[in-house]
Amino acid sequence: MKAPRSGGGWKAIKYSLTLANKVGWWKLWKSMRTRNACKTCAVGMGGQKGGMVNEAGLFPEVCKKSFQAMAADMQPAVANDFFAKNNIDQLRAMSSRKLEYSGRLTQPLLLSPGEKHYKPISWDEAFDLVVERLKAAGPERTFYYASGRSSNEAGFLFQLMSRLMGTNFVNNCSFYCHQASGVGLGSSIGTGAGTLRLEDLDHTDLYILIGANPSSNHPRLMKAFMEIRRRGGKVIVVNPVKELGLVNFKVPSDVRSLLFGSSIASTYVQPHVGGDMALLIGLSKEVLERNAHDQAFIDAHTENFDAFKQQVTETSWDDIIAQSGVDRETIRNIADQYLSAKNVVIGWCMGITHHLHGTNSVQSIVNFSLLRGMVGRRKAGLMPIRGHSNVQGLGSVGVVPGMKQAMLERFEKQLGIKVPTTPGYDTMACMEASHRGEIDFAFCLGGNLFGSNPDTKYALEAMSRIKTVLYLSTTLNTGHVWGTGEETLILPVLPRDEEPEPTTQESMFSYVRMSDGGKSRFTGPRSEVSILAAIGQKLFAGDDRIDWKKLESHSAIQELIADLIPGYENMKETLQSHKEFHVTGRAVEEYNFPTESGKAKFHALPLPDLSVAENELRLITIRSEGQFNSVVYDEEDIYRGQERRDVILMNRADIDRLGLKPDQRVKVKSEAGEMPYILVREFDIRAGSALMYYPEANVLVPHTVDPLSKTPGFKSTRVTLEVEDVIPN
Ligand code: SF4
């Protein structure tokens with residue numbers, strides 16, 4: 001399959017039109033225009049300004065990812081006899097795509113111990129079962145996991161329930177994506193979120209994009225890059241993989257770009273996998289050696305500079321060049337661009353965070369940015385490019401293992417409850433506890449916990465040792481069929497545009513949107529809030545600390561959020577007038593860093609150990625164009641020119657060096673597992689590295705985590721290849 005010459009463009013439009021044909025043009029248009037936040041990525045659009053409208057009021061702000069998610073929710077219900085006809089083994093034989101398109105879930109489903117079929121049960125039976133099992137499991141043997149799909153309101157109730165039950169074993173999917181950004185930024189500048197607002201990008205004259213592929217995963221950001229280039233600004237892309245959409249992209253909403261394409265990267269650097277940190281240290285060294293840093297800013301607004309400077313000085317150029325894989329001339333060139341720019345933004349994604357040194361890489365980004373005071377003021381700053389539409393909001397409302405002190409104090413004072421202060425479990429810690437047989441109840445609010453885990457064999461063992469696994473879901477995914485416990489319960493929920501009352505979501509720019517909700521497309525599914533409130537009423541019957549009946553009302557929860565969540569005070573106005581707002585204190589201004597000292601902190605960081613044996617490659621797991629997180633909508637990956645997913649993409653030099661041939665079958669092996677009959681394909685990727693598709697390649701990723709953020713190294717697995725001599729039919 002041949003890759004196109006640009007990302008986006010007519011192919012993206014044609015894809016959206018095909019989806020519209022499937023579900024009905026008018027219906028899809030009407031659904032997209034409702035005042036609900038986009039269901040997909042955390043760039044965000046929609047809400048009270050209207051569907052496909054961004055916070056600046058621009059229309060049409062939409063992409064095919066958004067259409068994909070909407071179309072999936074608009075499909076018919078799962079057939080009545082679907083679960084009677086398909087036992088668990090047959091469901092396991094289905095692809096992620098087939099499961100997703102089996103239809104919307106409309107009834108509670110129970111897979112009882114020893115049974116082969118999910119069977120429908122009533123809502124009352126489901127609630128009784130959940131409450132009985134939760135009580136039996138108790139706080140020490142239950143964990144609570146949420147994906148970024150859920151609303152702030154559902155997330156708030158979810159974590160409140162866990163805290164009232166007496167546990168901090170509560171977390172969200174960011175532990176498998178951007179937690180290193182939160183920890184790295186928090187330890188450097190006192191806030192774990194990006195420091196920018198969308199409108200700041202209008203002033204950027206240099207954007208450094210590291211380890212990210214927004215052309216596939218956050219398509220609307222491409223317009224911002226196009227505009228930076230049109231203004232005469234620069235975009236430096238740092239990525240071991242040459243991604244087509246980062247070279248040239250046709251922005252569908254811009255006629256000139258759609259017709260002729262827009263050049264995105266003005267400089268494209270392909271470092272070694274994991275070599276970004278060495279590159280950032282090299283860039284800092286270059287700036288320091290030229291004495292071009294802003295000493296006045298550093299003296300006034302930062303601390304620990306001397307230790308950082310000494311560490312950088314002691315790190316040799318040879319080591320920097322060897323580990324980064326970037327030559328001195330290129331480092332000089334990037335430093336020149338950095339030093340001549342007025343407003344620099346550095347954005348990154350999981351190419352940075354999915355390493356065992358992910359947090360240190362984020363700290364290195366901050367270090368470099370601080371050298372010229374490019375963080376802590378408007379128009380410049382740092383931008384972790386986040387995944388799911390409300391992953392940031394869930395963190396804000398407390399779906400995290402350790403509640404921040406300010407929030408904890410408010411909870412205790414205003415609600416009169418004692419919040420547990422025992423150490424919580426991050427996501428991998430929950431899996432490890434499950435693997436040890438220490439968990440009886442896993443409460444999964446959306447997502448696909450099983451599918452998003454590294455080390456699939458380990459995840460399978462861990463989930464199967466849990467007594468009861470509960471999923472709240474709109475459609476089927478591989479988690480429901482592989483991530484089963486001794487018994488597994490699925491409760492069907494409404495997506496945000498079918499919620500009976502408004503909900504809120506927070507974007508990666510810390511902009512809180514209000515979604516109106518809308519008419520449910522089916523009878524049967526319930527809102528997440530109504531499910532959690534119903535469970536709360538039964539679980540805490542006779543306990544008058546919280547009025548769970550009252551919390552069936554979204555506005556009652558929103559009042560609590562306004563009172564209890566620091567930065568969300570403006571929610572009060574949203575309640576009155578539906579006015580959306582930016583979370584207070586996130587866009588750091590006038591160098592007022594929210595740290596104890598009020599100063600930003602440099603970190604002195606040695607280079608990590610990234611050695612590999614001669615016959616090993618460093619494997620990066622990636623998402624494809626037709627995919628959102630673990631949901632695979634399409635088997636083909638248009639931009640990378642791949643018609644199938646059982647492939648390993650390699651540099652031609654490695655194919656030759658290892659004595660292989662394109663389209664040859666190999667077994668890919670790592671310390672965690674192996675994948676047989678994988679097709680070798682040539683690709684423009686830095687030699688020494690390889691690409692395979694997530695989540696299938698999770699089999700190969702060990703479950704070791706970055707010690708600081710607890711994020712697994714999904715983009716840094718050492719693999720070897722073995723030629724297969726038998727070709728499967
Ligand atoms: S870029 Fe993200 S927020 Fe915007 S339309 Fe696409 S999926 Fe939705």
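A residue counts as buried if 20 or more other C-beta atoms lie within 10 Å of its own C-beta atom. The model shown in these views is predicted.

**View 1. Helix α3 is mostly covered.** Nine of the eleven residues of α3 (residues 64-74) are buried. These are Lys 64, Lys 65, Ser 66, Phe 67, Gln 68, Ala 69, Met 70, Ala 71 and Ala 72.

**View 2. The protein divides into domains.** Domain 1 covers 7-74 and domain 3 covers 179-385. Domain 2 is made of 82-177 + 421-577, and domain 4 spans 617-723.

**View 3. Domain 3 touches domain 4.** The C-alpha centres of these two domains are 25 Å apart. Domain 3 brings 26 residues to the contact, and domain 4 brings 21 residues. On the domain 3 side, at least two residues come from each of α9 (179-189), α10 (214-217), α12 (244-247), α19 (350-353) and α20 (358-370). By class, this side of domain 3 has nine nonpolar, 16 polar and one charged residues.

**View 4. The ligand lies between domain 1 and domain 3.** Both domain 1 (7-74) and domain 3 (179-385) give residues to the shell around the ligand, so the ligand lies between them. The shell holds 13 residues. The closest are Cys 38, Thr 40, Cys 41, Cys 63 and Arg 220. By class, the shell has seven nonpolar, four polar and two charged residues.

**View 5. Strand β12 is largely enclosed.** All five residues of β12 (residues 344-348) are buried, so the rest of the structure largely encloses this strand. Val 344, Ile 346 and Trp 348 point one way from β12. Val 345 and Gly 347 point the other way.

**View 6. Strand β12 pairs with β6 and with β13.** Strand β6 (residues 206-210) runs parallel to β12, with five bridges between the two. Leu 209 has Gly 347 of β12 as its bridge partner. Strand β13 (residues 381-384) is also parallel to β12, joined to it by four bridges. Here Val 345 is bridged to Gly 381 of β13. Strands of a sheet pair through backbone hydrogen bonds, either parallel or antiparallel.

**View 7. Three strands form an open sheet.** The strand order is β1-β8-β9, and the pairing is mixed. Strands β1 (7-8) and β9 (262-263) are the edges, each pairing on one side only. Two bridges link β1 to β8 (residues 248-250) in the parallel sense. Gly 8 has Lys 250 of β8 as its bridge partner.

View 8. The unreviewed entry gives "domain: SIS" for residues 130-298. This stretch is 44% helix and 15% strand. Its end C-alpha atoms lie 55 Å apart.

**View 9. Asp 319 sits in helix α17.** The helix covers residues 317-324. Is Asp 319 buried or partly exposed? Asp 319 is partly exposed, because 15 other C-beta atoms lie within 10 Å. Asp 319 and Ala 556 are 237 residues apart in sequence. In space, their C-alpha atoms are 57 Å apart.

Notes
Residues numbered from 1 in each chain as written. Predicted model: local features only at pLDDT ≥ 70, side-chain atom pairs only at ≥ 80, totals over all residues. Buried ≥ 20, exposed ≤ 12 C-beta atoms within 10 Å, placed from the backbone. Pairing = 2+ DSSP bridges. UniProt positions renumbered as here; feature names shortened; annotations may be inferred. Near = placed C-beta within 6 Å. Nonpolar A, V, L, I, M, F, W, Y, C, P; charged D, E, K, R; others polar. Domains from an automatic or database assignment. Contact = placed C-beta atoms within 7 Å.
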